[in-house]
Amino acid sequence: MTDRPQYPTLATTALRRWAPPPALLGFVALLVVMFAAAYGVGASAGPVAPGMHATDVGDPAFDENPGRPHGHTGGAGDAR
């Protein structure tokens, strides 16, 4: 039985040419593992500030002067 020499086909050559380098694939795999580990640790730790709530937009403090932020006069004082 004679062995034929293996010549790369056009498809194999094109696939090797456009495939990302193994180091890049390893780096992406490491990133995925690190993000999954960080998510797992964060999920097990729970919320950072469980008593903190967002400010209600319907609060009367927002209705006083919608053009300017709360308590800030922009450096002009009240001399407008």
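Helix H2 is hardly covered, with 0 buried residues among its 24; buried here means under 20% relative accessible area, exposed over 50%, and partly exposed in between (1.4 Å probe, protein chains only). The model is a predicted one, in which local features need pLDDT of at least 70, side-chain atom pairs count only at pLDDT 80 or more, and totals for chains, interfaces and linings use all residues. Residues are numbered from 1 along each chain as its sequence is written, and side-chain values use heavy atoms, leaving out hydrogens and water.

Along the sequence the pattern reads α-α-α. Of the 80 residues, 0% count as buried. The chain exposes about 7,800 Å², of which carbon and sulfur atoms supply 66%.

Returning to H2, its end C-alpha atoms are 35 Å apart, in agreement with the 34 Å that its 24 residues should span at 1.5 Å a residue. The expected span is 1.5 Å times one less than the number of residues. Just after H2, glycine 46 takes a positive phi of about 85°.

Valine 32 lies in H2, which covers residues 22-45. With a relative accessible area of 54%, valine 32 is exposed.

Technical notes
Helix = DSSP H or I, 4+ residues; strand = E, 2+ residues; numbered from the N terminus. Areas by Shrake-Rupley, 256 points an atom, 1.4 Å probe, with all protein chains shown as cover.
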